[in-house]
Amino acid sequence: MTIKTKKGRIAIDSKLCKGCYLCVSVCPDKLIAISGELNEKGYYPAEFTETNTGEDRKCTGCAMCAVICPDIAIEVYRG
Amino acid sequence: MDKKLLMRGSQVIGEAAIRAGCRFYAGYPITPQNALPEFMSGAMAKLEDGTFIQAESELAAINMVLGASMAGARAMTSSSSPGISLKQEGISFLAASELPAVIVNTMRGGPGLGNIAPSQGDYFQATRGGGHGDYRTIVLAPAYGQELADLTRKAFEYADRYRTPVMILADGMMSQMMEPVIFPDPLNPSELPSKPWVLDGADERPSRIIKSLILNPMAMEEHNWKLTRKYEIISKEIAAVETYMAEDAELVVVAYGTAARVAKGGIKKAREMGLKVGLLRPVTLWPFPGSVIREMSRSVKDFFVFEMNTGQMLDDVKLSLEGKSHVHFHGRPGGIIPTPDEISRAISRLYYRRHLEEDL
Amino acid sequence: MEKVVFKKPKYMKEVPFHYCPGCGHSIIHRLVAEAIEELAIGEKTIGVPPAGCAVLAYDYFDVDMGEAPHGRGAAVATGIKRTLPDRIVFSYQGDGDIAAIGTAETIHAANRGENITVIFVNNNCYGMTGGQMAPTTLLDQNSTTTPGGRDKNRDGSPIDLSEMLAITRGAVYIERTAVNSVKNIRKTKKAITKAFKVQMAGLGFSLVEILSPCPTNWKMSPIDACRRIDEDVAQTFPLKVIKDETS
């Protein structure tokens with residue numbers, strides 16, 4: 001039996017992000033964190049951390065982060 | 001279409017508006033102009049594309065007109081003095097957003113609730129803008145039934161041509177009086193010049209914005225100057241007067257609207273007595289026809305300003321003359337319409353005093 | 001083959017929002033734009049932005065936009081819709097705009113059954129002017145003009161505008177939702193879509209009241225502001241369909 005898992009990816013536009021943490025709070029797999037570097041607007045933007053968590057938590061492309069993002073700073077890809 | 005029709009003033013404005021292609025009217029009841037919205041309710045109901053709304057307030061009425069104007073309609077509202085005060089918010093927004101609209105003010109006695117008798121107390125409010133900010137409103141002052149029809153047509157033309165609100169300044173006497181009128185041929189709204197700025201959906205064109213908020217002071221200043229340049233063009237193009245027996249006049253009465261009609265009667269009587277007096281009647285109050293008055297001051301020693309208020313247009317006459325002639329004032333505020341005799345007595349007194357001074 | 005499952009909707013311009021971090025306005029903008037796109041009405045939609053934080057909505061929506069004076073959105077929308085009855089007209093108004101200075105325009109537009117859609121954003125304060133008491137400010141809520149909290153005897157109680165509108169005979173569909181969670185945001189999108197459909201079907205007045213966080217003036221983090229909507233705001237303004245005469 002194979003378990004079919006959705007594979008997803010998000011892209012956060014760090015220029016648009018205002019670091020409100022809402023995406024961080026809704027990601028079911030805790031794959032978003034706040035960056036340590038300021039963006040042009042002076043906010044610490046969110047960043048997608050799937051590639052550097054060192055664990056095998058994977059983005060499913062559920063889009064909850066994008067749905068709650070007030071700045072349309074997140075694009076979601078699936079496939 | 002040259003049939004003479006006998007109609008009440010309010011209805012003349014209504015019929016002329018419909019014939020000018022007005023298809024949107026919103027208003028709120030207030031005396032002495034209710035015959036106009038009543039007429040519009042019936043007239044719009046007969047048209048497939050006509051809208052009449054009895055609004056919940058003067059504010060709602062003028063803002064419905066704002067919306068209809070954005071959507072491209074020739075739109076009108078009407079009221080009387082206290083109601084016009086309430087409409088000033090919308091008039092300022094119309095001017096700022098460069099939207100056409102026609103506003104009819106049937107002036108009554110004031111300030112405050114005042115009374116419902118004919119008055120001219122709203123001259124300052126009408127010609128100085130009335131609402132907040134740096135703008136002007138075109139103000140047309142009809143005096144006869146025929147002119148109510150002609151100037152209503154012009155009001156819509158000017159509003160569209162200059163994308164600015166136009167006010168027709170009437171009074172209770174004009175709105176009630178029945179006079180014979182020949183109306184211009186009706187215009188078909190679909191054949192009017194197209195408005196390449198209206199909000200009708202961004203179908204195969206970029207989306208549009210109509211607004212008055214300009215947060216950047218530099219851009220706001222530029223917008224103010226842009227409006228001012230437009231007002232300068234309007235001033236050059238549309239200022240209009242009627243003169244009566246003024247060619248050889250030594251004394252000229254300056255009066256508009258109902259006051260000018262009364263003044264005409266007084267001037268006629270004075271002429272019968274051999275006095276060289278005439279009338280200058282501004283048809284546009286803004287732009288004020290100051291250059292005509294200035295030109296007249298070469299031969300006219302005395303200007304006699306007569307208004308049904310305590311002296312408002314008087315300021316514009318003085319400003320136009322820049323001290324070049326003598327300016328006198330006769331005012332009847334509060335809803336009093338003087339008789340032609342009262343005017344002829346006042347001007348002959350002045351006239352004889354001037355001759356007496358010169359003889360001495 | 002990878003495909004995009006979430007991106008900026010078609011009828012939002014490529015302009016960054018000026019709103020504060022965690023503000024609900026831009027979420028609501030997006031939902032309106034998504035609904036317009038999904039209903040394929042973008043070419044015939046005209047929006048009426050208010051005075052207040054959302055006045056700059058005309059910079060974000062890529063549809064025709066005509067600004068209304070403070071509170072007059074329903075009157076301006078009425079003028080547009082009556083002139084162009086086959087277009088889709090929505091007004092976008094805050095709680096101060098619609099429930100204080102524009103109460104009369106709104107109630108009478110609803111009562112006339114104007115076939116327009118109103119997006120009513122309720123964040124319990126005057127946001128743009130700096131957090132003064134709004135008609136919808138909760139009892140005991142602090143604002144810059146209710147020191148010590150809104151007091152019933154001194155300041156009056158929060159106003160239930162949507163419930164008031166629901167009793168007018170011309171109102172067809174009124175729902176109160178929120179944008180404080182993914183679930184509520186999805187519900188809000190459905191409500192906005194339904195409100196537009198009511199207008200498309202020519203049924204009459206539709207309004208969606210949306211409880212929206214204002215972290216700046218509530219003086220809390222965006223996450224706490226979202227929590228406050230569940231814990232406090234929705235207790236005073238319950239999330240529900242207030243009127244539905246569509247079926």
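In chain C, 67% of the contacts with a separation of 6 or more are between residues 24 or more positions apart; two residues count as in contact if their C-beta atoms, placed from the backbone, lie within 7 Å. The model is predicted, and local features need pLDDT of at least 70, side-chain atom pairs count only at pLDDT 80 or more, and totals for chains, interfaces and linings use all residues. Residues are numbered from 1 along each chain as its sequence is written, while chains are lettered from A and ligands numbered from 1 in the order in which they are written.

Chain C holds 10 helices and 10 strands. Helices (H or I, at least four residues) and strands (E, at least two) are DSSP runs, numbered from the N terminus. Of the 247 residues of chain C, 62% are buried, a residue being buried if 20 or more other C-beta atoms lie within 10 Å of its own, exposed if 12 or fewer, and partly exposed in between, with C-beta atoms placed from the backbone. Along the principal axes, the C-alpha atoms of chain C fill a box of roughly 50 × 50 × 30 Å.

Chain A has two helices and four strands, arranged from the N terminus as β-α-β-β-α-β. Of the 79 residues in chain A, 38% are buried. Among contacts in chain A between residues at least 6 apart in sequence, 65% join residues at least 24 apart.

Turning to chain B, seven strands form an open, mixed sheet in the order 3-2-4-5-7-6-13; two strands pair if DSSP finds at least two bridges between them. Strand 3 (51-54) and strand 13 (284-286) of chain B are the edge strands, each pairing on one side only. From one strand to the next, the twist averages 20°. Within the sheet, strand 6 (residues 138-140) and strand 7 (residues 165-171) of chain B run parallel and are joined by three bridges, and B:L140 stands opposite B:I168 in strand 7 of chain B.

Two helices lie across strands of this sheet. Helix 3 (residues 58-70) of chain B runs at about 165° to strand 4 of chain B, and helix 6 (residues 145-162) of chain B runs at about 160° to strand 7 of chain B. Axes are lines fitted to C-alpha atoms, for helices over the stretch in contact, and angles run from 0 to 180 degrees between N-to-C directions.

Helix 4 (residues 81-96) of chain B is mostly covered, with 12 of its 16 residues buried. Those buried residues pack against helix 3, strand 4, strand 5 and strand 7 of chain B. A kink of about 45° is centred on B:K87, the bend at a residue being the angle between axes fitted to the seven residues ending there and the seven starting there. B:K87 is also among the buried residues of helix 4 of chain B. After helix 4 of chain B comes B:E98, with a positive phi near 55°.

Finally, 32 residues of chain B are in contact with 28 residues of chain C. Strand 3, helix 3, helix 4 and strand 9 (209-210) of chain B each supply at least two residues to the side that touches chain C, and helix 3 of chain B gives the most, with nine residues.
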